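Biologist: Please show me the model, and then I will ask about it.

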Amino acid sequence: MTVQNAEIADRFEQLADLLELQGANPYRVRAYRNAARFIRGHSRSLAEMLGEGADLAELPGIGADLAGKIATLVRSGRLPLLEQTAKKVPAPLVEMTRIEGLGPKRAQALYEALQIRSLEDLARAARSGRIRELPGFGARTEQLIAQRVERAATAEHRLRLADAEQVARPLVAYLRGIAGVKDVEVAGSFRRRRETVGDLDLLVSAARGAKVMDRIVRYEEVAEVQAQGSTRATLRLRNGLQVDVRVVPAAAFGSALHYFTGSKAHNIAVRRMAMARGLKLNEYGVFRGQRRVGGRTEAEVFAAVGLPVIPPELREDRGEIDAARRGKLPKLVRLEDLRGDLHCHSRATDGRDTIEAMARAAAGRGYEYLSINDHSRHVTVAHGLDRKRLLEQIRAIDRLNARLGGITVLKSVEVDILEDGRLDLPDGVLKELDFTVCAVHYGFGYGRARQTARLLRAMDNPYFSILAHPTGRLINSREAYDIDLERVLEAARERGCVMELNAQPDRLDLDDRGCRLAKEMGVRVAISTDAHRVADLDLMRFGVDQARRGWLEPGDVVNTLPLAELRRVLRR
DNA sequence: GCCGTTTTCGGCCCGACTGTTTTCAGTCG
């Protein structure tokens, strides 16, 4: 059993929480959190790196001590310090700090003075009015705790980016309509195009903040105003989403935009560079002593520290600052670089629209080609195609291409990978296609070795072209199936196979780290919508967002290629 | 616990808001 990066990160985060409750050196706590964040976002498996004899202490934020702890964890599955610390820190304390507004100090006070041992105890204590009697607490705090314990019980997931857009769009329009407001941007993870967002960070420039604030908190979707000052307000909308709004003067909009776009780790690194140059950088601008030397635009902020503008999608402190400093920032793929969509369904199986309607819609989006990838027979619920029906579809597409102008419909399929790694249709029909998209749709629970072997075997088939949604995860609802992604990528490179980045907002699979790993390992990616209707073709931009977060450039993405070259790449 | 153009010790980002306080601790981002 290989220990995954996410597990290592989880353990370090748990340890950080416990150490914080113990009143440990805050910088030591931060060191664990920083390491956890790096490990979670790192594309390569630390366990495998160790297996290859790598020195983990060379990784940023990981020194000799943490490298040793990771080695122990990988070898034994255990983190002794975590086990020891967990024995000393009562579990209810940890639970209480998950409540907004309760940090280590207040949780400790509640635990000791009121013998709170569970969130139920906490809710009871709040209702009975005992919390307000503690020093440092009052009636207001007590009331908030009562509300927030309630909410914690029905805690929501982070919102998928596409859903967050639905909330953000009308809110931004409302803000733009307020008198005195100049610029409005959604910053934070939304601007970095993360696949999910925990809250919305809205940045507004206006001369008179307090007046604008009064209007903002009256937005009709606001359920609760959690904080309101003259420059900042925290709101909770009716749908449960938290919104932070900041108002800054126009002269500081760029520095504020940079600051509130984050990520936090990226900001800290940039701020450090500013300090090294004798500058002070905060949300109000770039300063040399008392004198402001920039901040109206983000470009000014980056220029002040001697960097080109780093695209928001890269701002995760995953090497982008170093790349920028060396002039090696990737020229990220853009929506307009794409020449076609390589995974679409039609009415023949579970799609809603005809092949012709899909093709015309794709032509209308400026595409040069579009492929039709209906399911194969194993997916009975979708009335998957057997050999005979697929052959008929092939002939129908030939006839369609003969009369369609301006776009080429590619003949393909989304063929199931069976449990033993065979494909669900005979080679005799697969060879009639332009290429194949191959997918796992069942048997998600196989162990890592079996699942990996299944994919490798499938890729041995000479007609295997693209691995669809390679990990099978569904954001907020289904874990990725257990595969050794590095081995799969290695096999893909050897065999000339391509990985899909499925652009469905609940898939985005490969994810950003997977894309980056594919790129590093020399495997190309197809960004595809998996469209089941014409409107789904517009989901492509979410795939592009994720690809950009994965550092992909046009040359890493097969569907930026002109048709003739694409055919060459997909024909193994 | 990490790290190094202030380099192996002594720093580590820092401002806003709230609630309970009469000047600030706690929390958050």
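Modeller: Before the questions, one term: a residue is buried if its relative accessible area is under 20%, exposed if over 50%, and partly exposed in between. The model is predicted.

Biologist: Is Phe12 buried or exposed?

Modeller: The relative accessible area of Phe12 is 0%. The cut-off for burial is under 20%. Phe12 therefore counts as buried.

Biologist: What kind of aromatic pair do Phe12 and Tyr32 form?

Modeller: Their ring centres lie 5.7 Å apart, with 70° between the planes. Planes over 60 degrees apart count as edge-to-face. The pair of Phe12 and Tyr32 is thus edge-to-face.

Biologist: How many residues apart are Phe12 and Tyr32?

Modeller: Phe12 is in helix α1, residues 5–21, and Tyr32 is in helix α2. The pair links distant parts of the chain, and the separation is 20 residues.

Biologist: Is Tyr174 buried or partly exposed?

Modeller: Tyr174 pairs with Tyr219 in a tilted arrangement, 4.8 Å centre to centre. Tyr219 is buried at 9% relative accessibility. For Tyr174 the relative accessible area is 21%, so this residue is partly exposed.

Biologist: Which helix gives the largest share of the surface near DNA strand B?

Modeller: In total, 45 residues surround DNA strand B, and Arg30 is among the closest. Several elements supply at least two residues each, including α4 and α9. The largest share, five residues, comes from α2.

Conventions. Residues are numbered from 1 along each chain as its sequence is written. Chains are lettered from A and ligands numbered from 1 in the order in which they are written. This is a predicted model: local features need pLDDT of at least 70, side-chain atom pairs count only at pLDDT 80 or more; totals for chains, interfaces and linings use all residues. Side-chain values use heavy atoms; hydrogens and water are left out. A residue is near a molecule or strand if one of its heavy atoms lies within 4 Å of it. Helices (H or I, at least four residues) and strands (E, at least two) are DSSP runs, numbered from the N terminus. Rings of Phe, Tyr and Trp (its six-membered ring) pair if their centres lie within 6.5 Å; planes under 30 degrees apart count as stacked, over 60 as edge-to-face and the rest as tilted. Buried means under 20% relative accessible area, exposed over 50%, partly exposed in between (1.4 Å probe, protein chains only).
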